[in-house]
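Here is a short report on a protein fold. Look over the sequence and the coordinates before reading on.

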Amino acid sequence: MLTLYHAPNSRSTRIITLLTALDVMDQIDIRLTDIPRQDGSGGRDPNNPHPEGKVPLLVTEEGETIRETNAIMLYLCDRFPSDFAPKVGAPGRATMLSWMAWYGNVLEPVFVLNIAEISHPVLTSTFRGLPEAITALATGLEGRDYILGARYSVVDLLLASPFLWFPKALPDVPVIKDWVARCGAQPAIAQTTVYETKAQQRFTEMA
Ligand SMILES: N[C@@H](CCC(=O)N[C@@H](CS)C(=O)NCC(=O)O)C(=O)O
């Protein structure tokens with residue numbers, strides 16, 4: 001069985017949403033784990049095999065570990081093929097790979113730098129800035145409800161996640177606001193909230 005190391009209400013929550021959307025929650029051993037939180041609570045769990053003690057971490061049936069949210073998501077979508085992600089050779093596959101990598105390589109760093117109110121010419125020339133990232137997203141959404149077209153996919157799940165997590169960062173751009181609202185209204189998101197509330201309770205009882 002695949003094993004997921006998961007800390008409730010963290011970046012690994014998105015893996016719970018993906019597993020829910022793929023309808024494979026029963027096929028994963030989910031281990032609740034502790035992490036150091038930004039408010040000073042929590043701490044590193046020595047049982048978490050992630051090399052940096054972070055989440056998410058997935059361990060395959062063969063005992064190989066996969067870290068980084070976007071890599072885990074792509075692995076799971078290949079492992080459990082569905083309409084939620086284009087398969088190898090299918091239309092949209094290249095677009096999906098580009099956006100999934102862009103999330104980790106550009107959007108998340110730019111988003112975090114923006115929250116930290118850090119700017120530097122080298123950062124700007126490397127990543128550009130949040131306005132450029134928003135423009136890229138708005139361009140990707142032009143004439144469509146979701147990034148890959150008419151259907152909600154793993155790409156929307158990942159790319160909308162920082163805006164759902166920090167609604168204050170949502171730009172006043174109708175095409176983005178409408179898309180984030182559509183993503184937030186997906187049944188898998190509501191199911192994740194229910195799961196996470198129970199997982200947090202279980203974790204607190206365990207501690
Ligand atoms: N780029 C990584 C980031 C993972 C990450 O930073 N996870 C946080 C949870 S929100 C964590 O585990 N933090 C604990 C720590 O920094 O030790 C990914 O997306 O998987």
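This is a predicted model: local features need pLDDT of at least 70, side-chain atom pairs count only at pLDDT 80 or more; totals for chains, interfaces and linings use all residues.

Which residues of α3 are buried?

## Helix α3

The buried residues of α3 are Arg-93, Met-96, Trp-99, Met-100, Trp-102, Tyr-103, Val-106, Leu-107, Glu-108, Val-110, Phe-111 and Leu-113. Arg-93 and Glu-108 are in that set, where buried means under 20% relative accessible area. The buried residues pack against α1, α2 (69-79), α4, α5 and α6 (154-165). An α-helix has 3.6 residues a turn, so residues three or four places apart point the same way.

Helix α3 covers residues 93-115, which is 23 residues. At 1.5 Å a residue, the helix should span 33 Å. Its end C-alpha atoms lie 31 Å apart, which agrees. There is a bend of about 45 degrees at Tyr-103, and Tyr-103 is also one of the buried residues. After α3 comes Glu-117, with a positive phi near 55 degrees.

## The sheet

Four strands form an open sheet. Their order is β2-β1-β3-β4, and the pairing is mixed. β2 and β4 (65-67) are at the edges. Each has a single partner strand, so one side of each lacks a neighbour in the sheet. From one strand to the next, the twist averages 20 degrees.

β1 and β3 run antiparallel and are joined by 3 bridges. Tyr-5 has Leu-57 in β3 as its bridge partner.

## Helices on the sheet

α2 packs on the sheet and touches β1, β2, β3 and β4. The direction of α2 makes about 125 degrees with that of β4. α1 lies across β1 and β2. It runs at about 140 degrees to β1. Both α1 and α2 also take part in the packing against the buried residues of α3.

Where is the cis peptide bond? It runs from Val-55 to Pro-56, with omega near 0 degrees. Pro-56 sits in the loop between β2 (28-32) and β3 (57-59).

Asn-9 is not a glycine, yet its phi is positive, about 55 degrees. It belongs to the loop between β1 (2-6) and α1 (13-21). Its relative accessible area is 36%, so Asn-9 counts as partly exposed.

Arg-128 is not a glycine either, and its phi is positive, about 65 degrees. Arg-128 is placed in the loop between α4 (121-127) and α5 (130-140). With 48% relative accessibility, Arg-128 is partly exposed.

Conventions:
Residues are numbered from 1 along each chain as its sequence is written. Side-chain values use heavy atoms; hydrogens and water are left out. Helices (H or I, at least four residues) and strands (E, at least two) are DSSP runs, numbered from the N terminus. Buried means under 20% relative accessible area, exposed over 50%, partly exposed in between (1.4 Å probe, protein chains only). The expected span of a helix is 1.5 Å times one less than its number of residues. The bend at a residue is the angle between axes fitted to the seven residues ending there and the seven starting there. Contact means heavy atoms within 4.5 Å. Two strands pair if DSSP finds at least two bridges between them. Axes are lines fitted to C-alpha atoms, for helices over the stretch in contact, and angles run from 0 to 180 degrees between N-to-C directions.
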